[in-house]
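Colleague: I would like to go through this model with you, asking at each step what a term rests on. Shall we take the domains, the ligand and the salt bridges in turn?

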Amino acid sequence: MPNPIPELCRALADDLRLAGFRSETLRAAWGVEADDAIGRTLRTPALRGLGDRDDALATLARLLIFGVAQPAAAVDAALPELGSAGLAALGLATVAGDDVTPTATVRPQSFHDDRGPGEWIVAADIDELASGGGPLDTDYVLGVGGASLTLAGLQLPTSAGRVLDLGTGCGVQALRARRYADQVVATDISARALDYARLNALLNGTDAIEARDGSLFEPVAGETFDRIVSNPPFVITPRATGVPEYEYRDGGLVGDALVERVVAGVGEHLEPGGIAQFLGNWETRGGERGLDRVRAWVERSPVPLDAWVVEREHLNPIEYAEMWIRDGGTVPGSPEHDALLTAWLDDFAARGVTSVGFGYVLLRRAVGEPTLARYESVPQPIPSEGGLGSHLAAALAAHDAQARLTDAQLSMLTLRAAPDVTEARHHTPGSENPTVIELRQGGGFGRSLSADPALAGFVGACGGELTVGQIVGALAQLLEVDEDALSGALLPAARELLVDGFLTF
Ligand SMILES: C[S@@+](CC[C@H](N)C(=O)[O-])C[C@H]1O[C@@H](n2cnc3c(N)ncnc32)[C@H](O)[C@@H]1O
């Protein structure tokens, strides 16, 4: 059990700082290629890169990042304030004779948000990188993974009073939220996860994170928040004998019901105008698209919600099962793998599931009638996935601003094409006029859209001088089309382009 003793956490943080235990220093110690290999769960190249170094940084890296037992004397030297006994008292290692054996990982995690670069130290359970593989325990507490970083990057970089982090795990979303919030309530059903979250808050010198035990919204009954963030246990898992129920990823419900419950519950826990951001899976069942099912959940919410749901990928049932069986540490080819795969495919077949979508959900407690209902598939690579939060904040502000304008008011404004927008024209060989005009966005979601000559001309003329109405009038003359009809086509497009960040006010 991790044991969040404040003075020992401070001592560990001081010792790690003194040793230069930082992402950049460590990457320099073992090299860029070995660092990339860590991302593929290979520790050998990095351990080779450390060679026979016996300084504090190398000792701590072997012990805390890669899970390799170290001599007690070396650990005592590397942790001059805490010592190996202190590390054991924190529940992060055991000491037997001359050996210190890690029972957790402690890793630096660099990040970048609107306030600049930063780095956390995050403790969590021993993972595949540190253990070398094998099935996980069902009460395993996850460290910072790809999904954690995705959600951390999606969090809006704007001030908030109170934030709820539902299913906090090691507490990484709570740490991220606290950079912009006065107070964070972090909940989990796992006592071990909550102790890691407390320990990590202490290690990072972050106060005002309160860890509470309980399922879903139970620990915050009757309370409201300005923000809710959650990387919930959304993994779809068959309820069959022999299938492990991992706390870190599986909420114990059938199919995608856990995500449906989160959607159903957030509204009453948000302040008016408050925003929930979470990740999820949703099934396409019996021909009904996953995104449409999410829309139906949102529409059933007892509290009216604005919604922006972005499906990033979808997998067929075999791919989905393969991915999560592998994630649990069971390798293909074994009888266990075959049994699990059968259970997953039976489960999907029972509900007529043909694919599973994964994506981001943003819900806002509407003030008045909801004005935002976007359910979209965004499969392209995103230029800066870690920095989407500021794009989302700008997109929401642009949505609200344009929604307040009548078409007549919009026509009187001057707009500008965003600086990251470029245009590509494709011609069939020998033809003078383009057959396809493409507008591309360098930042944000990295969208591209095909534009007709009127829309391309409109965006090209948005330089902050002519009003929207003047541009439409000039284009109508140039293209010899009816001005009202052109306005009827271009104004809704301009509104979308403002929200997507191709145009700015
Ligand atoms: C995927 S992990 C997310 C951890 C962390 N927030 C992150 O972003 O990396 C999901 C967390 O939800 C917790 N959990 C599982 N079932 C839950 C429930 N019914 N209510 C609240 N939390 C739950 C798990 O213990 C786990 O810590």
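This is a predicted model: local features need pLDDT of at least 70, side-chain atom pairs count only at pLDDT 80 or more; totals for chains, interfaces and linings use all residues.

Modeller: Gladly. Domain 2 and domain 3 bury about 1,300 Å² between them, with 55% of it on carbon and sulfur atoms. Residues are numbered from 1 along each chain as its sequence is written, and side-chain values use heavy atoms, leaving out hydrogens and water.

Colleague: What makes that area "buried"?

Modeller: Buried area is the accessible area (1.4 Å probe) that two parts lose on being put together, summed over both. Arg-374, His-391 and Asp-400 supply 36% of what domain 2 buries against domain 3, more than any other three residues.

Colleague: Where do the domain bounds come from?

Modeller: From an automatic or database domain assignment. The chain is divided into domain 1 (6-102), domain 2 (130-400) and domain 3 (402-504). In the contact (heavy atoms within 4.5 Å), 17 residues come from domain 2 and 14 residues from domain 3.

Colleague: Why is the pair Asp-500 and Arg-374 called a salt bridge?

Modeller: The term asks for a side-chain nitrogen of Lys or Arg within 4 Å of a carboxyl oxygen of Asp or Glu. The closest N and O atoms of Asp-500 and Arg-374 are 2.8 Å apart, so the pair qualifies. Between domain 2 and domain 3 the count is three salt bridges, and the structure holds 33.

Colleague: How about Asp-14 and Arg-17: why are they separated by about one helical turn?

Modeller: Because they are three residues apart in helix 1 (residues 6-18); helices here are DSSP runs of H or I, at least four residues, numbered from the N terminus. Asp-14 and Arg-17 form a salt bridge too, their closest N and O atoms being 3.1 Å apart.

Colleague: And the ligand: which residues come nearest?

Modeller: Ser-148, Gly-167, Asp-188, Leu-216 and Tyr-248, of the 16 residues around the ligand. To count as near, a residue needs a heavy atom within 4 Å.

Terms used: Helices (H or I, at least four residues) and strands (E, at least two) are DSSP runs, numbered from the N terminus.
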